[in-house]
Amino acid sequence: MKKLSARRRHPLAAVVVLLLALAATGGLYAAFAPADKAQADETAQSLAIDEGKKLYAVGCASCHGTGGQGTSDGPSLVGVGAAAVDFQVGTGRMPAQQPGAQVPKKKNIYNQAEIDQLAAYVASLGAGPAVPTDKQYNPEGADIGKGGELFRSNCAQCHNFTGEGGALTHGKFAPSLEGVSPKHIYEAMQTGPQNMPSFPDTTMPEKEKKDIIAYIDAVNGDETPSPGGLSLGGLGPVSEGLFAWIFGLGVMIAVAVWVAARTAKAKKS
Amino acid sequence: MSTNTDSKRKAPAGERVADWADGRLGIYSLAKANMRKIFPDHWSFMLGEICLYSFIIIILTGVYLTLFFHPSMNEVEYAGSYVPLQGQLMSEAFNSTMHISFEVRGGLLIRQIHHWAALIFVAAMLVHMMRVFFTGAFRKPREVNWLFGFLLLVLGMFTGFTGYSLPDDLLSGTGVRFMQGAILSVPIVGTYLSMFLFGGEFPGGDFVARFYSVHILLLPGIMMGLLVAHLILVFYHKHTQFAGPGRSNKNVVGMPLLPVYMAKAGGFFFLVFGVIAVVSAIATINPIWAIGPYRPDQVSTGAQPDWYMGFSEGLIRVMPGWEINLWGHTLVLGVFIPLVIFPLVLAAIAVYPFIESWVTGDKREHHILDRPRNAPTRTAFGVAWLTWYFVLLVGGGNDLWATHFHLSINSITWFVRIAFFVAPVLAFVITKRICLGLQRRDKEKVLHGRESGIIKRLPHGEFIEVHEPLNQEQLHTLTAHEQYKPFELGPEVDEHGVRRKLSRGEKLRAKLSKGYYGEDNQIPKPTADEYKEITSGHGHH
C-alpha cells in the first residue's frame with residue numbers, strides 16, 4: 001500500500017487511473033446492459049388461404065396493399081410465387097422493420113405453418129415458383145467441384161469467394177451465406193430477392209443449383225475445416241493486412257520495447 | 001586472454017585457427033575495429049532489425065517453396081486431396097501450390113510463414129522509415145542511406161506483388177489483370193508494353209514463369225545488394241542517438257557490438273521468428289484453396305491486393321471513370337491518372353529530406369536525433385503524408401468499410417475523394433499545433449518544474465500547487481535541441497544602392513524557412529538566464 005501511495009504522483013499515474021476507469025465502466029456496462037429480448041408473439045392455427053389472408057392483412061398489407069397489388073412502399077406480390085414468400089418471411093426479412101437501402105435478415109417471428117399459409121395466399125394471387133421440395137435442394141451426391149466453378153462464375157462477384165458477402169452500391173450489400181439453409185439458398189437463386197438477380201431453371205438447371213448448394217456447404221458450412229488456422233473472416237488481404245499489423249508487427253514492437261528495456265545498463269549515477 | 005610471447009609453447013587450437021584465418025582474411029584488424037562498435041539503446045532502433053530478420057526468414061522459407069513450386073501455366077486437372085477443387089482445370093502453378101499446401105510436409109506452414117513474414121517485412125520497413133523520418137535521422141550524412149532504405153521499401157512492395165501473383169489463383173490473377181489494365185492505360189505505348197510483358201494477349205502462358213524469375217532472382221538480388229550497402233553505411237556512419245547527458249554529436253553512448261549487441265540481436269532474431277511462426281501457425285493467409293484457380297472470366301468481390309499495394313487500389317477505386325476519345329483512340333484517365341499519382345505518393349516522402357536540407361541550408365553532420373515535437377513542420381509533414389496514405393488505404397478497402405460499418409460505399413468513395421485533398425492539410429495543421437503545444441509544455445517544465453499534484457496552503461490562506469524542479473539530466477535533455485533561425489534574404493539593395501537580383505528559388509526558400517522556423521512556428525527554448533531569473537527564489541508562479 002505504501003508503495004502504491006508513493007507512486008500516486010507519478011507522471012503516468014493519471015494514465016493508469018484512466019485506463020482502469022475505462023476498463024471498469026466498460027466491464028460493468030457489458031455485465032449489466034440489458035440483453036436484447038425477442039418479442040415474438042405467436043397466434044394462428046388453421047391451414048388455408050383464408051388464414052394466410054388474415055396474416056397478410058396484419059403483417060404485410062400496409063406496404064404491399066390489401067390485395068397484394070403493391071403500393072409506393074412495397075412492390076406488387078402478384079406472381080412472385082410461394083418460394084419468394086417462403087424465403088423472405090422464413091429468413092425474417094419480411095415483414096420489414098423499416099424502409100432502407102436493403103431489408104436485412106432478422107429473427108423470424110412466424111412459424112412454418114403460418115409461412116405456408118401466407119405463401120398459399122400470395123401464390124393464389126398469381127402463378128409463380130413454388131416452394132422447392134427436399135429432393136430439389138438436398139445437396140447430397142452433387143458435384144462440389146462443378147459447384148465451385150459455377151459459384152465463382154455466377155455468385156462470387158457479390159458474395160465473395162466462399163460466400164462471406166460483400167458491398168453493393170448505396171448501402172446495399174450481398175449478405176453472407178454462412179448458416180443459410182439449402183432451401184433458402186435454392187429459393188433465393190430461384191426468385192432473386194431484393195438486389196439479387198434470379199436464376200430460374202431455364203438459365204440454371206436444378207442440378208447446377210444443387211452443385212452450388214453443395215459447394216457453399218463444403219466451403220462455408222459448420223464442418224468446413226480451416227487447414228491454415230483462423231480464417232480471419234475469409235475476407236482476403238484487408239483482414240490479413242490488419243492482422244499482420246496488429247498481431248505481427250504490433251507484438252514485435254512490444255517485444256522490441258521489452259528487449260530494449262532489459263539492457264545491461266551502466267550503473268546509474 | 002594471456003599474451004604469452006613464449007614462442008616455444010604451442011598455441012591453443014582456437015588461436016591457431018584464428019591465426020591461419022588472419023593471415024588470409026585479415027580478421028584481426030576487422031574484428032578489432034568492429035567488435036567494440038557501440039550501438040545506442042532504444043526500442044525504436046530495433047525496427048530495422050525486424051525488417052532484416054523477417055527478410056532472412058522470407059529468403060529461407062522461399063528457398064523451401066521453390067523446391068516444390070512449378071512456375072508453369074500448363075493446364076492440368078486437379079487430383080489432389082482437397083475435395084471442392086477435384087476435377088477442376090488449373091495451371092500447374094496453382095496445382096503445385098495446392099500440392100505444397102496439402103501434401104508437402106510442413107508445406108502450408110512454410111507457405112504461411114513466407115507470406116505473413118512478407119506482410120510484416122513491408123510493414124516493418126514502413127515503420128522503420130517513419131522512425132527515421134520523425135527523428136530526423138535522414139540528415140547529413142545519412143541521405144544516401146535514406147534513399148537505399150526507400151528503394152528497399154519500393155522493391156519490397158513489388159517483390160511482394162510478383163510473389164503473391166505466382167500461385168495463379170483467382171484473387172492474385174485479378175490483381176495481375178488490374179496491373180495489366182493500368183499498363184494498357186499508358187498512352188501510345190501501353191498496348192506494346194502489355195504485349196511485351198505477357199508475351200501476347202493477357203494472360204497468355206508466360207507471366208507466371210516471368211514473374212517467378214523476377215520474384216526469386218532479380219528483385220531479391222537487388223534487395224540483397226541494397227541491404228548490405230544499407231548495413232555497411234549504418235556501420236560507417238555509426239548509429240544516431242537521442243539527446244541526453246553525456247551524449248554529443250561526436251560520440252555514441254551505448255553497448256558494444258560484442259558481446260552485448262550480438263547476444264541481443266541474436267535473441268531478437270529468434271523472437272521475431274517466433275512471433276512470425278506463431279502468427280503463421282494460428283492464422284490463415286491467402287487460402288488459395290478457397291479462392292480457386294484464376295480464370296479471366298471470373299472475379300470475386302473483396303478482391304484487394306496485399307496491404308502494401310492497398311493505396312494503389314484506393315487510387316483506382318476512388319478515381320472517377322474519366323476518359324477522352326479522340327480520333328478513334330481512347331485515353332483512359334480514370335486509370336492513367338492513378339497510375340501517375342502512384343509513384344508520386346511514394347516520391348513525396350522520399351524527396352522530403354532533400355527539401356528540408358535545402359530550406360535549412362544546413363551542411364553539418366547530425367548524429368543526435370530530434371524529438372519529433374522539436375521539428376514541428378517536419379513532423380506535421382510526416383503525419384500529413386501518413387494521413388494521405390491511410391485515406392488511400394480506406395479507399396482501397398471501401399467495400400469492407402461499407403459492410404462492416406453499415407455505410408454506403410458511394411459515401412465512402414466520396415469521403416475519400418475529398419479527404420485525399422483535405423485530410424493531409426488538416427493533419428498538417430493539427431500536428432503542428434500539437435507539436436508547438438508540446439514545446440510550450442517542455443519550456444514550462446524546464447522553467448517551473450513538474451506539476452507534483454500536491455496542493456499546499458500558505459499561511460495567509462492561499463492554495464498553491466507545488467512544482468518539483470527537474471533534475472539536471474532532464475533539464476539538459478529538454479533543452480539540448482538547437483533551433484534554426486529563419487533564412488533571411490538580406491537587404492533588397494546592395495552597398496551601391498542597386499537592387500539585388502534575387503532568384504525565385506531564393507525567395508521561395510526564405511518563405512519556406514519562415515514557415516519552418518519563423519515566429520509562431522517554433523517556441524524559443526528557455527535560456528539559462530530565464531531559468532535563473534525564475535528559479536532565483538521569487539516564490540512560486
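Q: Which helices are included in what covers the buried residues of helix 10 of chain A?
A: Helices (H or I, at least four residues) and strands (E, at least two) are DSSP runs numbered from the N terminus. A residue is buried if 20 or more other C-beta atoms lie within 10 Å of its own, exposed if 12 or fewer, and partly exposed in between, with C-beta atoms placed from the backbone. The cover over the buried residues of helix 10 of chain A includes helix 5 (81–90), helix 7 (134–137) and helix 11 of chain A.

Q: What kind of model is this?
A: Residues are numbered from 1 along each chain as its sequence is written, while chains are lettered from A and ligands numbered from 1 in the order in which they are written. Local features need pLDDT of at least 70, side-chain atom pairs count only at pLDDT 80 or more, and totals for chains, interfaces and linings use all residues, since this is a predicted model.

Q: How many residues of helix 10 of chain A are buried?
A: Helix 10 of chain A runs over residues 182–191. Its buried residues include Pro182(A), Ile185(A) and Met189(A), and also Lys183(A) and Glu187(A). The helix is mostly covered, and the count is 10 of 10.

Q: Which residue follows helix 10 of chain A?
A: The residue after helix 10 of chain A has a positive phi, near 60°. That residue is Gly192(A).

Q: How far apart are the C-alpha centres of domain 1 of chain A and domain 2 of chain A?
A: Chain A is divided into domain 1 (45–131) and domain 2 (132–222), with bounds from an automatic or database domain assignment. Their contact takes 15 residues from domain 1 of chain A and 14 from domain 2 of chain A, where two residues are in contact if their C-beta atoms, placed from the backbone, lie within 7 Å. The distance between the C-alpha centres is 22 Å.

Q: How far apart are the C-alpha centres of the two domains of chain B?
A: In chain B, domain 1 is 38–370 and domain 2 is 449–489 + 501–535. Eight residues of domain 1 of chain B are in contact with 11 residues of domain 2 of chain B. The C-alpha centres of these domains are separated by 42 Å.

Q: Which helix gives the largest share of the side of chain A that touches chain B?
A: The contact takes 53 residues from chain A and 61 from chain B. The chain A side divides into 29 nonpolar, 20 polar and four charged residues; Ala, Val, Leu, Ile, Met, Phe, Trp, Tyr, Cys and Pro count as nonpolar, Asp, Glu, Lys and Arg as charged, and the others, Gly among them, as polar. The largest share of this side, 17 residues, comes from helix 12 of chain A.

Q: What percentage of residues 242–261 of chain A is helix?
A: UniProt lists this span as "transmembrane region" in an unreviewed entry; such annotations may be inferred rather than shown by experiment, feature names are shortened, and positions are in the numbering used here. The end C-alpha atoms are 27 Å apart.
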